[in-house]
Amino acid sequence: MSVQERELRPLDVSRRRFLRNAGLLGATVAGAGALTAGTASASPTWDSPGRYQWLAGDHHIHTQYSNDAMYTVEQQVAGGVRNGLDWMVITDHGYLAHEKYAVQQTYADVLASRRKHRGLLLWQGLEWNTPAAEHATVFFDCSHDEAQMLQTFERLFDGNVNGTNPSSPANELAAVQGLRWLDAQVRAGKINSALFLANHPSRNGRLSPHELRNWRDTAPHIAVGMEGSPGAQADSTPVALGGNGAARGGYSNSPGVDSWPGYPLELYRTHGGFDWMTAKLGGLWDSMLAEGKGWWITSNSDSHRNFGDTLTSPSPDADYNATGKHLDPVDSGVKHSWADFWPGQYSRTVVGATDRSYRAVMDGIRNGRVWVAMGGLLAGLEVTVFSDEGGWPVTLGGRTTVRRGGNVTVLIVARLATRPNAGGSVPKLARLDLIQGQVTGPVADRDTFATPNVRVVESFETRRGFVPVAVFQHTFRNVRAPFYVRLRGTDGNVHADGSIEPRMDPAGGVDPWSDLWTYSNPIFVDVR
């Protein structure tokens, strides 16, 4: 700190400013030794993590307005607030009775919960039965006619409503047309902002690589990503612990008539609780990122009925079909082995937003400023990348440029957990893996689901210091080709045999609190 900025290299100026904005100068930091002097407020002119409010949320939540769920909107919202969420999206299933009866009823309940929870950002969205595929979250920010626009979209494009669920080229086109319709509404000013995120993408093997690429390329500002880890994480809780002893995420399936035939069988299982498309090093997610285009991951509860709850639904399906709504749940007095967790209880999607507003959260997701974690494994994650040319640093989802032959540095600040999670223990981050993938450009075969140019370049082991923060740094020297970096972290309890990779989860009997992982979205580095 005694050295004037004009006497420092541009790289060291960037590093100093980052550490100031992260509030770390003057702290004794785990893994970083002693740093000295002062703090400063975040600068509005550079893309550091300190520019943003990092808001935790969940975009995949069901209520009594879904044919297979039971909670009221307010019960789900109260659960999310209780678990520290800043934003939530109600996503009841597209369904004939839902489109006919439920959309407007749900909207009234959403408005009531907005009034009650002023500090929460709450959307009404839809779990879209995507034609020829499976499910996706769709939600938008409207200046008016919010529910009417959602109902119109469901009526026109939902696979359950109009019979376009089976896999076929015609139905694949119907999904693309749905995205084009959303794009047209945004361009016409009828919708301010719209997002599409594919849910539990590998559960039934229905989302082919070319469909994911088609969605992304049709509406890249709307179709922006997929769930990196699915909900229903409590489904594998052992029977001895009061659970179902089934499969994490409900991923216990095998290829069906509508499944894409090119996938390996390992796709139908989670790996450390994460979907195979995300967890497989050099797999489908990496093959999409290798094209140099953003495709972001999230993590959610998919809450229908929550583990250990004593509530149960008194309504038969016939009542739902007649009204689009189940009766309010009643207390049975018995704890149930339901498969889900409450919103925010286990998984969360943390978004970097410029302010606490609907548009800012949607823009944060759209731009990939997102990291995800399960079981409270991390309290916070700040990542920045900068070149030695002195250009402004960038954070998650961003893109920077380096001159060929130059150096690029990644600076990571991990805020470690200090409180017990909902499982009753304080999770301990054992390791963070810095993953690099080469950007090789568009693929010739749009059903490509692997790339060989991905590796773990460094694994950082954490240790507890006086301050529960770990700081790590890695420099890529003599950069000759474009690449991206992303992070993966673990509590270190479970790995695949002989490797640091997550284990393919067995069909049942896995305590989800005993195997925790965290992932970040990538940062891209271009070369000129």
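# Exercises on a predicted model

At 19% relative accessibility, Thr-462 counts as buried, and the structure it belongs to is a predicted model. The exercises below begin with this residue and then move to others.

## Exercise 1: Thr-462

Find where Thr-462 is placed, explain why Thr-462 counts as buried, and list its contacts.

Solution. Start with the chain, where Thr-462 is found in the loop between strand 18 (454-461) and strand 19. Next, compare its relative accessibility of 19% with the cut-off, which is under 20% for a buried residue. Because 19% falls under that cut-off, Thr-462 counts as buried. Then turn to its surroundings: once neighbours within four places in sequence are left aside, Thr-462 is in contact with Leu-429, Ala-430, Arg-431, Ala-470 and Phe-472. Finally, take a pair of residues for practice with distances: Thr-462 and Met-70 are 392 residues apart in sequence, and their C-alpha atoms are 42 Å apart in space.

## Exercise 2: Helix 6 and helix 7

Work out how helix 6 and helix 7 are oriented to each other, and then name the residues through which they meet.

Solution. First take the geometry: the axes of helix 6 (residues 169-187) and helix 7 (residues 209-218) come within 9 Å and cross at roughly 25 degrees. Angles under 35 degrees count as roughly parallel, and therefore helix 6 and helix 7 are roughly parallel to each other. The crossing in which helix 6 passes helix 7 is right-handed. Now look at the residues, where Glu-172, Ala-175, Val-176, Leu-179 and Arg-180 in helix 6 meet His-210, Glu-211, Trp-215 and Thr-218 in helix 7. Sorted by class, this contact of helix 6 with helix 7 has four nonpolar, two polar and three charged residues.

Two of these residues, Ala-175 and Trp-215, are also touched by Thr-130. Thr-130 is placed in the loop between strand 5 (121-129) and strand 6 (135-141), and at 1% relative accessibility it counts as buried. Leaving out residues up to four places away in sequence, the residues that Thr-130 touches also include His-135, Ala-136, Asn-165 and Phe-196.

## Exercise 3: Helix 3 and helix 4

Determine the orientation of helix 3 relative to helix 4, and describe the contact by residue class.

Solution. Helix 3 (residues 96-116) and helix 4 (residues 146-157) pack at an angle of about 150 degrees, and their axes are 10 Å apart. Since angles over 145 degrees count as roughly antiparallel, helix 3 and helix 4 are roughly antiparallel to each other. Their crossing is right-handed. Among the residues making the contact are His-98, Val-103 and Tyr-107 of helix 3 and Ala-147, Leu-150 and Glu-154 of helix 4. By class, the residues of the contact of helix 3 with helix 4 divide into four nonpolar, four polar and six charged.

Helix 4 is also the place of Met-149, which is buried, with a relative accessible area of 12%.

## Exercise 4: The largest nonpolar core

Which residues touch the most other members of the largest nonpolar core?

Solution. The largest nonpolar core has 117 residues, and Trp-215 and Ile-365 touch the most other members.

Notes. Residues are numbered from 1 along each chain as its sequence is written. This is a predicted model: local features need pLDDT of at least 70, side-chain atom pairs count only at pLDDT 80 or more; totals for chains, interfaces and linings use all residues. Side-chain values use heavy atoms; hydrogens and water are left out. A nonpolar core is a set of buried Ala, Val, Leu, Ile, Met, Phe, Trp, Tyr and Cys residues joined through side-chain atoms within 4.5 Å. Buried means under 20% relative accessible area, exposed over 50%, partly exposed in between (1.4 Å probe, protein chains only). Axes are lines fitted to C-alpha atoms, for helices over the stretch in contact, and angles run from 0 to 180 degrees between N-to-C directions. Helices (H or I, at least four residues) and strands (E, at least two) are DSSP runs, numbered from the N terminus. Angles under 35 degrees count as roughly parallel, over 145 as roughly antiparallel, 65 to 115 as roughly perpendicular and the rest as oblique. A crossing is left-handed if the near helix is turned anticlockwise from the far one by less than a right angle, and right-handed if clockwise. Contact means heavy atoms within 4.5 Å. Ala, Val, Leu, Ile, Met, Phe, Trp, Tyr, Cys and Pro count as nonpolar, Asp, Glu, Lys and Arg as charged, and the others, Gly among them, as polar.
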